[in-house]
Amino acid sequence: MPEAREPRPGLFAGLRTGFGSSLDLEFVEVGPRRVRVALRVDDRVRQGLGLVHGGALVTLADVAATVGAYAAGQADRDQLTVDLQARFLEPAREGPLLAEALPLKVGGRLSFWEVRIEDARGRLVAAVSATFAAVAGSR
């Protein structure tokens with residue numbers, strides 16, 4: 001399946017460099033009202049007990065919501081995470097995991113997102129709330 005259209009040229013490539021390169025992500029759906037990102041699970045994202053590391057789940061949620069903030073009409077400004085709260089509800093060992101990011105409110109400077117992460121059986125693994133600031137020229 002081809003990846004979804006990126007809301008800002010080079011955004012997907014940028015999310016796959018540096019820290020983001022440690023995750024095997026597929027952008028399944030990208031739109032202003034919903035973003036879906038899949039994470040393929042392998043040993044790089046598991047912790048010592050064989051479970052998917054909480055940091056990988058948080059990063060997956062952050063990436064999904066960040067892309068959503070760009071897609072929701074703020075592609076001309078950089079999106080910076082200013083708050084993120086994660087609740088880990090079920091352990092995950094296998095993938096793929098699917099994050100679905102939905103906007104609660106998109107304002108001129110801040111946007112608020114809820115992200116649900118489910119495993120391949122449809123179990124809710126994590127629920128994340130994130131807030132982003134849209135800023136000009138942060139690079």
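Which side chain meets that of Asp 119 in a salt bridge? The partner is Arg 123, at 2.7 Å from N to O. This is a predicted model. The structure holds 12 salt bridges. A hairpin of two strands also features below.

**Salt bridges of Arg 123**
- Besides Asp 119, the side chain of Arg 123 meets Glu 90 in a salt bridge, at 3.2 Å from N to O.
- The pair of Arg 123 and Glu 90 links distant parts of the chain, 33 residues apart.
- Arg 123 lies in the loop between β5 (110-118) and β6 (124-135).
- Glu 90 lies in the loop between β3 (78-88) and β4 (97-106).
- Asp 119 has a relative accessible area of 10%, so this residue is buried, the cut-off being under 20%.
- Arg 123 is partly exposed, at 26%.
- Glu 90 is also partly exposed, at 37%.

**The β1-β2 hairpin**
- Strand β1 covers residues 24-30, and strand β2 covers residues 35-40.
- The two strands pair in the antiparallel sense over 6 bridges.
- Between β1 and β2 sit 4 residues, and the two strands form a hairpin.
- Asp 24 has Arg 40 in β2 as its bridge partner.

**Salt bridges around Arg 36**
- Arg 36 forms a salt bridge with Glu 29.
- Their closest N and O atoms are 3.5 Å apart.
- Arg 36 counts as partly exposed, with 23% relative accessibility.
- Glu 29 also counts as partly exposed, with 26%.
- A network of salt bridges links Glu 29, Arg 34, Arg 36 and Glu 100.

Definitions and conventions
Residues numbered from 1 in each chain as written. Predicted model: local features only at pLDDT ≥ 70, side-chain atom pairs only at ≥ 80, totals over all residues. Heavy atoms only, no water. Pairing = 2+ DSSP bridges. Salt bridge = Lys/Arg side-chain N within 4 Å of Asp/Glu carboxyl O. Buried < 20%, exposed > 50% of the residue type's maximum accessible area, 1.4 Å probe, protein only.
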